[in-house]
Amino acid sequence: WEKNKRYVHTHTHTHCSGPCMDISNKASGEIKIACTYSVSFEEDKNIRWASRWDYILESMPHTHIQWFSIMNSLVIVLFLSGMVAMIMLWTLHNDIARYNQMDSTEDAQGEFGWKLVHGDIFCPPRKGMLVSVFLGSGMQILITTFVTLFFACLGFLSPANQGALMTCAVVLWVLLGTPAGYAATKFYKSFGGEKWKTNVLLTSFLCSGIVFADFFIMNLILLGEGSSVAIPFGTLVVILALWFCISVTLTFIGAYFSFKKNAIDHQVQTNEIPRQILEQSFYIKPLPGIIVGGILPFDCIFIQVFFILNSIWSQQMFYMFGFLFMVFIILVITCSEATILLCYFHLCAEDYHWQWRSFLTSDFTAVYFLIYAIYYLFSKLQITGTASTILYFGYTMIMVLIFFLFTGTIVFFVKVD
């Protein structure tokens with residue numbers, strides 16, 4: 001390390017030695033003042049290289065807020081876990097045991113609720129192609145997020161290396177095209193679809209194309225404003241080459257192997273003519289359930305959303321990847337349990353259209369994320385100008401779309417299992 005590194009202006013006769021320089025009130029015209037500075041670096045051999053950023057985490061005034069948020073999230077998880085356990089171990093267990101002990105069909109005629117829709121529960125959903133495409137893209141984002149946060153927690157992605165986190169996420173997303181194609185084709189085939197090539201093309205280009213188009217427009221605005229953070233044209237060409245040559249190819253490979261395998265065996269005979277759904281109460285209808293379903297997951301993450309937005313728009317360093325990874329796991333559990341509860345209530349009301357409802361229930365967390373981002377814009381930031389506002393909402397919509405696919409995929413896989 002260099003010690004007492006000093007920089008002195010050489011183009012001026014001003015010296016740093018001697019008494020402080022006074023500026024007379026009688027001075028007129030332009031006055032040039034040369035400033036100097038000195039920096040002293042001292043090596044602390046007691047601090048390990050892997051722990052060099054810990055002092056930032058310990059000195060941050062909001063660390064206790066992070067722990068309070070995590071404890072609040074754990075309370076929500078425990079509450080939901082108790083509800084799910086009560087339903088699974090008490091209600092469902094007793095109902096299934098009593099249902100298996102029936103000797104004749106006459107005894108079953110008095111049944112009601114979820115037991116009456118067992119033959120319709122796996123009917124193909126409306127727009128099954130779109131559901132499978134969202135699931136494939138969501139699987140790609142889910143694995144990318146998990147691996148990126150895991151590497152960040154291990155210290156491989158240092159906050160001092162700007163761009164390392166985003167570079168790792170983009171590379172992982174490109175290399176994880178195979179799970180996306182496999183998952184999308186697997187569910188599409190279980191829905192009775194046969195146009196697997198169309199399904200793969202949509203999985204490769206629909207959501208990714210929306211994100212890239214949004215990002216390209218934002219980059220054009222940055223170039224027009226002369227910003228130094230605009231991505232060069234060559235880098236965009238490289239990203240497109242990775243997308244078309246690697247990601248799309250891997251997606252087709254995953255879809256090919258998935259289509260060659262048998263469809264998901266639900267071990268339940270599906271009725272050819274679905275039952276008629278009775279008139280539902282207001283709180284059982286799709287929209288109220290979807291709105292309520294996103295409240296608890298967002299309550300678990302809104303503190304982390306605040307710090308993430310600060311790191312992006314307020315130029316604050318984000319180093320709390322351990323907290324973020326714990327909140328990520330809590331979010332997965334909360335979304336799964338909240339959707340299981342709501343799905344059980346809907347099935348008890350003899351409504352077997354659970355596919356889209358399950359996907360959208362936790363997805364409404366992304367809507368709350370958008371609402372909070374709008375609140376953050378007007379309460380915390382001082383953005384002026386049309387270009388800056390468009391940039392804020394453009395990048396926010398990318399995050400909302402990624403969050404939409406991510407949360408919906410979580411609960412759908414939990415439901416199928």
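Reader: How many disulfides does the structure hold?

Author: A disulfide is a pair of cysteine sulfur atoms within 2.5 Å, and in this predicted model the structure holds 0 of them. Cys300, for instance, takes part in no disulfide, since the nearest cysteine sulfur, which belongs to Cys335, lies 8.1 Å away.

Reader: Is Cys300 buried or exposed, and what is the relative accessible area of Cys335?

Author: A residue is called buried when its relative accessible area is under 20%. Cys300 counts as buried because its relative accessibility is 0%, and Cys335, with a relative accessible area of 0%, is buried as well. Across the protein, buried residues make up 39% of the 417 residues.

Reader: How many helices and strands are there in the protein, and where do helices H4 and H11 come together?

Author: The protein has 13 helices and 2 strands. The axes of helix H4 (residues 128-153) and helix H11 (residues 321-348) come within 9 Å and cross at roughly 145°, and the crossing in which H4 passes H11 is left-handed. Among the residues making the contact are Leu142, Phe146 and Leu149 of H4, together with Phe325, Phe328 and Ile329 of H11.

Reader: Which classes of residue does the contact of H4 with H11 have?

Author: Sorted by class, the contact of H4 with H11 has 11 nonpolar residues, 2 polar residues and no charged residues.

Definitions and conventions. Residues numbered from 1 in each chain as written. Predicted model: local features only at pLDDT ≥ 70, side-chain atom pairs only at ≥ 80, totals over all residues. Heavy atoms only, no water. Helix = DSSP H or I, 4+ residues; strand = E, 2+ residues; numbered from the N terminus. Buried < 20%, exposed > 50% of the residue type's maximum accessible area, 1.4 Å probe, protein only. Axes fitted to C-alpha atoms, helices over the stretch in contact; angles between N-to-C directions. Left-handed = near helix turned anticlockwise from the far one by under 90°. Contact = heavy atoms within 4.5 Å. Nonpolar A, V, L, I, M, F, W, Y, C, P; charged D, E, K, R; others polar.
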